[in-house]
Amino acid sequence: MKLKRFSSVLLGLSLGASLATSAMAEQSLQDVMKARGLTEKDVLSAAKIYTPTGGRDEYLAFSSGGQSGHVIVYGIPSMRILKYIGVFTPEPWQGYGFDDESKAVLRQGGNDDMEIQWGDTHHPAFSETEGEYNGKYLFINDKANPRIAVIDLHDFETKQIVGNPFFKSTHGGAFVTPNTEYVMDAAQYAAPISNDFVPLSEFNDKYRGGLTYWKFDMKKGKIQPEKSFTFEMPPYSQDLSDAGKFVSMGWGFTNSFCSERYVGGVEKGRPPFEAGCSQKDTDFLHVTNWQKAAELVNSGKIGSKVNGSTLISIDEAVANDLMFLVPEPKSPHGVDVSPDGSHIIVSGKLDSHTWVYGWDKIKNAIDNKKFEGTDDYGIPIIAMKDALKTQVQVGLGPLHTQYDSKECVVYTSIYVDSMVTKWNYCTGKVLDQLHIHYNIGHLMSMEGDSASPDGKYLVALNKLAIDRFNPVGPLHPQNHQLIDISGDKMKLVADMPIPLGEPHYVAAIKADKLKPVVRYKSGWDSRADKRSPYKTRAGREKVVRKDGVVHVYGTVIRSHITPEIIEVEEGETVSIHLTNLERAQDETHGFAIYDENVQLSIEPGKTVSTTFVAEKPGVYPYYCTEFCSALHLEMQGYLLVKPKGYVAKEGKIQEGQAYTKADYNKQVKTNTDTQAVINSVVGFITSHNYKDFPEVVALVEDATDQLGFADGAKKKSEAFAADGDYQNATLWAGQHWQYQVKTADMGLRAKTFLEEHGAVKVESK
Ligand code: RUQ
Ligand code: CUA
């Protein structure tokens with residue numbers, strides 16, 4: 001009832017406020033509720049998630065973007081989308097898949113050099129240290145073209161993609177072991193390990209499933225394929241996985257949904273897949289010992305190089321006690337290990353129960369070699385009664401389970417009944433049920449996959465939105481629903497449409513664990529995480545023809561692109577390298593060229609390249625795509641592709657405007673006045689303790705830079721004026737003023753910041 005009291009306090013407060021301000025015709029909370037048809041419960045829900053302007057979220061959620069190939073980042077509880085991260089699909093806003101550096105990432109893990117342009121992302125997972133999210137990396141798998149991607153959370157960029165050498169699809173990834181020693185990724189649809197044609201009649205012998213343990217190097221932030229290994233598994237359609245922790249440390253769990261090994265064929269009069277894959281009452285949970293396997297592989301005792309990677313055959317796994325099977329409910333989906341590693345919960349889509357296994361029981365059976373037999377491939381099977389603790393009736397079509405901060409309390413998504421069931425896996429009791437809209441798939445609690453889940457909120461990832469939002473055509477948005485799980489009863493708080501799909505799974509981390517940078521070291525190749533060989537400093541821009549390539553070393557800064565004119569000959573290969581000279585936060589510049597499929601995103605400090613063949617003679621305007629300053633539209637230039645053998649005609653560029661001495665003097669006067677404003681702002685800043693505010697220090701550095709450029713322009717204008725060339729003198733004086741304006745702009749921002757943050761006067765020396 002605490003919540004109720006809170007809401008009346010809220011109402012009381014706002015009533016008081018409305019009385020005080022009624023003279024200003026401000027509406028009261030009651031007026032708004034009446035006008036919008038809101039109940040007290042609605043207002044309470046709103047208060048739980050409303051984040052005032054400028055406010056921050058407690059958690060950041062990283063959602064799979066499904067077949068969009070992206071990752072979606074949003075805040076919890078506000079449910080505001082913050083970013084789409086390009087992972088397996090080009091994303092022009094980020095220049096991802098358009099600059100040379102990111103194209104190289106996107107091409108990794110491709111099949112037979114074919115550039116795959118999309119991915120089917122399923123399960124994001126954070127890197128962990130001792131079972132806790134450490135905020136460093138995020139992994140996500142591509143189901144369609146079996147790959148795993150590594151996203152660096154220090155800049156939210158995709159840095160590596162690795163392709164699976166054995167599988168033709170993966171679903172059981174990404175799941176990490178407690179210290180991110182390995183990233184698990186299991187196959188889904190069985191296929192030949194070789195890349196050639198094998199008839200379905202050889203399914204049992206030649207088609208295989210499997211589970212890859214990708215070795216991860218936390219220091220380098222890279223998966224190491226040469227140190228990774230894969231378990232060959234029977235063609236049972238492996239599904240999800242999870243890693244053991246604490247008591248079950250060193251072990252992994254992977255289920256399967258078609259141990260019937262059915263191959264379909266309605267065209268030939270055979271029953272369809274759905275029937276063939278759901279005949280048996282149970283499927284198999286695969287239990288693998290990765291720690292021991294790693295030792296044996298590293299010492300060269302097992303594993304052979306197949307397709308350039310290490311494969312542990314079924315026979316080797318059996319001979320070395322590395323793989324066991326446990327019967328699990330019909331057509332299972334999720335397999336979820338408890339935070340302490342002691343229990344494993346599996347749900348069968350065609351069973352209304354969740355099955356709770358005890359690791360102690362499974363381990364005991366393994367240690368005592370207590371098996372009920374083997375499967376057709378010789379893998380030992382642990383009897384159900386020797387592994388199972390309890391079965392709990394939770395509803396029709398249970399899929400996934402998430403753990404609460406409260407001991408033994410879990411939440412299971414119920415697909416068919418469109419419900420979340422809260423239950424206790426120690427007592428086997430159902431505690432609460434909540435209807436959601438519609439057909440929930442995964443669900444996620446805060447830091448729910450870590451060794452110490454936070455509880456608090458639960459997000460339901462629903463497969464259908466149907467009538468929840470304003471209609472936008474036959475393709476609906478996805479719907480994530482936020483549920484408050486802080487009390488005994490679950491409370492549905494909000495719907496969030498996601499216009500990218502299908503978001504299979506999401507993981508949420510405490511926001512304060514993330515410390516992303518706001519700028520790169522200057523001249524940085526962000527994808528390779530090192531200084532770019534094409535880093536260019538202000539004033540060092542140049543064009544170099546080398547090995548048949550025209551290299552343009554350019555820079556961008558408010559509000560110009562250097563060079564402003566690039567001249568090449570038809571047929572030449574052009575490689576444009578641009579460095580963003582800005583140090584100011586959020587001063588990203590874009591770079592687009594007409595008709596060349598070029599769109600770069602150049603964040604402060606970044607260096608990116610684009611390489612293309614200038615095939616057709618013509619005029620190709622280029623420009624900055626981010627509205628970066630008042631003169632953003634002027635941030636432009638021309639790529640001139642001259643016909644082969646073109647000879648320039650004599651002639652000077654005629655400007656549309658002629659300037660006189662009077663124009664020059666007028667501009668100089670303006671500049672002098674502007675300088676006075678700058679001086680007063682600088683006086684304010686330096687007379688306060690601005691050095692105590694890193695944000696202001698950055699602004700001051702940036703302003704000083706701009707003022708440095710201003711000096712150069714001023715000298716040029718004065719030189720032209722001395723020569724009596726008032727045309728160029730006036731234009732350069734104008735440029736001087738541009739730099740001054742930018743300096744003043746940053747100075748004023750800094751001054752406002754100081755005023756708003758209570759800066760104090762310091763003694764001037
Ligand atoms: S899936 S709705 Cu994880 Cu790909 Cu379960
Ligand atoms: Cu830079 Cu617009």
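This is a predicted model: local features need pLDDT of at least 70, side-chain atom pairs count only at pLDDT 80 or more; totals for chains, interfaces and linings use all residues.
## Around ligand 1

Let's start with the ligand. The residues around ligand 1 include a run of histidines: His-122, His-123, His-171, His-333, His-400, His-442 and His-504. Leu-240, Leu-399, Gly-441 and Lys-463 also belong to this shell. Sorted by class, the shell holds eight polar residues, two nonpolar ones and one charged one.

Which strands each supply at least two residues of the shell? They are β4 (121-129), β26 (398-403) and β30 (440-446). You can find these strands in the structure and follow them to the ligand.

## Salt bridges that span the sequence

Side chains of opposite charge can pair when their charged atoms come close. In this model, the count of salt bridges comes to 35. A few of them are worth a visit.

One of them joins Asp-484 to Lys-48, with 2.8 Å between the closest N and O atoms. Asp-484 sits in strand β32 (residues 478-484) and Lys-48 in helix α3 (residues 40-49), so this pair ties together parts that are 436 residues apart in sequence. Are these two residues buried or exposed? Asp-484 is buried, at a relative accessible area of 6%, and Lys-48 is buried too, at 19%. The cut-off for buried is under 20%.

Another salt bridge brings together the side chains of Glu-157 and Lys-606, at 2.8 Å from N to O. Glu-157 belongs to strand β7 (residues 157-163), while Lys-606 is in the loop between β43 (598-602) and β44 (607-613), so the pair links parts that are 449 residues apart in sequence. Glu-157 is buried, with a relative accessible area of 7%. Lys-606 is buried as well, with a value of 1%.

Now look at helix α10. The side chains of Lys-669 and Asp-673 form a salt bridge there, at 3.0 Å from N to O. Why are Lys-669 and Asp-673 separated by about one helical turn? Because they are four residues apart in helix α10 (residues 661-686). Lys-669 is exposed, at 51% relative accessibility, and Asp-673 is partly exposed, at 42%.

Salt bridges can also be linked to one another. Asp-152, Asp-155, Lys-159 and Asp-529 make up such a network.

## Helices side by side

The crossing of α10 and α12 is left-handed. Their contact has 13 nonpolar, 11 polar and four charged residues.

What about helix α11 (residues 694-722)? The axes of α11 and α12 come within 8 Å, crossing at roughly 165 degrees. These two helices are therefore roughly antiparallel to each other. Here, too, the crossing is left-handed. The contact of α11 with α12 is made of 18 nonpolar, six polar and six charged residues.

Most residues other than glycine have a negative phi, and most peptide bonds are trans. Some places in this model do otherwise. The peptide bond from Ile-76 to Pro-77 is cis, with omega near 15 degrees, and Pro-77 lies in the loop between β2 (70-76) and β3 (81-86). A cis bond also joins Gly-501 and Glu-502, where omega is about -15 degrees. Glu-502 is found in the loop between β33 (491-498) and β34 (506-510).

Where is Asn-439 in the chain? Asn-439 lies in the loop between β29 (429-435) and β30. Although not a glycine, Asn-439 has a positive phi of about 55 degrees, and at 15% relative accessibility this residue counts as buried. Asp-529, from the salt-bridge network, has a positive phi as well, near 55 degrees. Asp-529 lies in the loop between β35 (524-525) and β36 (530-531) and is partly exposed, with a relative accessible area of 30%.

## One more pair to find

How values were computed:
Residues are numbered from 1 along each chain as its sequence is written. Chains are lettered from A and ligands numbered from 1 in the order in which they are written. Side-chain values use heavy atoms; hydrogens and water are left out. A residue is near a molecule or strand if one of its heavy atoms lies within 4 Å of it. Ala, Val, Leu, Ile, Met, Phe, Trp, Tyr, Cys and Pro count as nonpolar, Asp, Glu, Lys and Arg as charged, and the others, Gly among them, as polar. A salt bridge is a side-chain nitrogen of Lys or Arg within 4 Å of a carboxyl oxygen of Asp or Glu. Buried means under 20% relative accessible area, exposed over 50%, partly exposed in between (1.4 Å probe, protein chains only). A crossing is left-handed if the near helix is turned anticlockwise from the far one by less than a right angle, and right-handed if clockwise. Axes are lines fitted to C-alpha atoms, for helices over the stretch in contact, and angles run from 0 to 180 degrees between N-to-C directions. Angles under 35 degrees count as roughly parallel, over 145 as roughly antiparallel, 65 to 115 as roughly perpendicular and the rest as oblique.
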